[in-house]
Amino acid sequence: MRPGEMIKTITEEIGNQFYTRTNPVRGVTRMLFPKKAYEREIRRLFGESTFDYVIDYEGYSNFFATLCLMHKHAKTYIWMHNDMRSEYDTKFHWLKKIFALYPKFDYLVSCSCQIMEVNEKCFSSQVSKEKFRFAKNCIDFQSVYAGSTDANIVCKNGLYYYGVLKRQYASASLQLFPLQPGCFDGMNAGLELCDSGKKVENGVVRFVNVARLSVEKNQTELIRAFARLAGEYKDVMLYLIGEGPQRKVLEKLILQLNLSERVILTGNLRNPFGLMRQCSCFILPSVHEGQPLVVFEARALHLPIILSDYSSVGGSVVDDGQYIVHQDADSIYEGLLAFMNGKVPSDYVFQDEIYNKQAYAEFENAVFGRGK
């Protein structure tokens, strides 16, 4: 949505290079900061418009964080979508530049009360306690419900497959994911389209994880735990919906454990909810999270849920609505086994309208209210 580039003199460009590559509030960087260039960029994008509230909702960009701070006379907010210190420790080492800007914002808004407490503990030495607020994310539950019935279920010789239509330019093809151990034979002859509105009941227990394929999502430990379960039960499957930098690592691990017909990497799906509905249990074994929306999407589909004990997990739980495990393979295995033995609760109550009303009220309080 931002056209063009920032207009800078050569001197301002040099100063901006220092600013974007080093600590933005210390020493020579602070003196070289091209303030006029950023003020010029504000005028280029917004003209003479002024704002009462300016929010950096992304929270990961040094440029946009700085741009928000340049709005004169506005209250400024930056969103904290995760355990930000853990994000820095595990993958985003450049976040220290964002951290240096935190004290300049009027308020730091975390995506749940629990993750606010985690972030407050990490950054309280540099940011006053009064600046921390929280607002959980609203969720488009109607898209979840509509997507769950928008599916292509294909059967052949008594075997079932979940079909994803892949479009490329003027052509389209159907990618099939097996709903039981085994792979599609590649022959389209004999394929039949089944009722997409029904869940396939073929005696197979299907676990599903929806997340970026990244180290903090802990899919390597999940696969190792599932390998142990698969050695004991023949009719179990695991689906990892998502894409990310760990894909090759996970593919190699799946081959090493001889799980190619039992663990399916689907990649990104435009509509993950159709496949989620075909699954028996949702599992999120993450090392750290903010407020994972997919947990509540899984609740909307009324899936039994297994969660790891990440620091902010309290923001994702409901009464009698999940099974909590540790983040190591042995504990995750115990969670998978608990589901097989009927010990993961499935009769919890979740009301989507109440959830969204609470989320919107928290947003109004975080931005316009008095905080906690």
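Reply: Start with Asp330, which is partly exposed at a relative accessible area of 49%. (Buried means under 20% relative accessible area, exposed means over 50%, and partly exposed is in between, using a 1.4 Å probe and protein chains only.) Keep in mind that this is a predicted model, so local features need pLDDT of at least 70 and side-chain atom pairs count only at pLDDT 80 or more, while totals for chains, interfaces and linings use all residues. Residues are numbered from 1 along each chain as its sequence is written, and side-chain values use heavy atoms, with hydrogens and water left out.

Asp330 has a salt-bridge partner, Arg228, with the closest N and O atoms 3.4 Å apart. Asp330 sits in helix H13 (residues 329-340) and Arg228 in helix H9 (residues 219-230), so this pair ties together parts that are 102 residues apart in sequence. The salt-bridge rule is a side-chain nitrogen of Lys or Arg within 4 Å of a carboxyl oxygen of Asp or Glu. Helices (H or I, at least four residues) and strands (E, at least two) are DSSP runs, numbered from the N terminus. Arg228 counts as partly exposed, at 39% relative accessibility. Arg228 also lies over the face of Tyr333, 3.8 Å from the ring centre. To count as a charge over a ring, NZ of Lys or CZ of Arg must be within 6 Å of the ring centre and within 35 degrees of the ring normal. Another case of this kind is Arg299, whose charged end sits over the ring of Tyr348 at 5.1 Å from its centre.

How many salt bridges are there in the whole structure? The search finds 14. One of them joins Lys72 to Glu39, with their closest N and O atoms 4.0 Å apart. This pair links distant parts of the chain: Lys72 is in the loop between helix H4 (62-69) and strand E2 (75-80), and Glu39 is in helix H3 (residues 35-46), 33 residues apart. Lys72 counts as exposed at 58% relative accessibility, whereas Glu39 is buried, with a relative accessible area of 19%. Glu243 and Arg247 also meet in a salt bridge, at 3.0 Å from N to O. Glu243 is partly exposed at 29% relative accessible area, and Arg247 is partly exposed at 22%. Then there's a network of salt bridges that links Arg2, Glu41 and Arg44.

Next, the rings. A pair of aromatic rings is described by the distance of the centres and the angle of the planes. Rings of Phe, Tyr and Trp (its six-membered ring) pair if their centres lie within 6.5 Å; planes under 30 degrees apart are stacked, over 60 edge-to-face, and the rest tilted. The count comes to 24 aromatic pairs. Take Tyr53 and Tyr77: their ring centres are 6.3 Å apart and the planes are at 40°, so this pair is tilted. Tyr53 is in strand E1 (residues 53-56) and Tyr77 in strand E2, 24 residues apart, so to speak a link between distant parts of the chain. Tyr53 is partly exposed at 37% relative accessibility, while Tyr77 is buried at 0%. Trp79 and Phe363 make a tilted pair too, with 5.9 Å centre to centre and 35° between the planes. This one links strand E2, which holds Trp79, to helix H14 (residues 352-368), which holds Phe363, 284 residues apart. Trp79 is buried, with a relative accessible area of 2%; Phe363 is partly exposed at 27%. Elsewhere, one aromatic cluster is formed by Tyr19, Phe33, Tyr38, Phe63 and Phe64.

Last stop, the cysteines. A disulfide is a covalent bond between the sulfur atoms of two cysteines. With the rule set at a pair of cysteine sulfur atoms within 2.5 Å, the count is 0 disulfides. Cys122 is partly exposed, with a relative accessible area of 28%. Cys281 is in no disulfide either, its nearest cysteine sulfur being that of Cys279, 9.5 Å away. Cys281 is buried at 0% relative accessible area.
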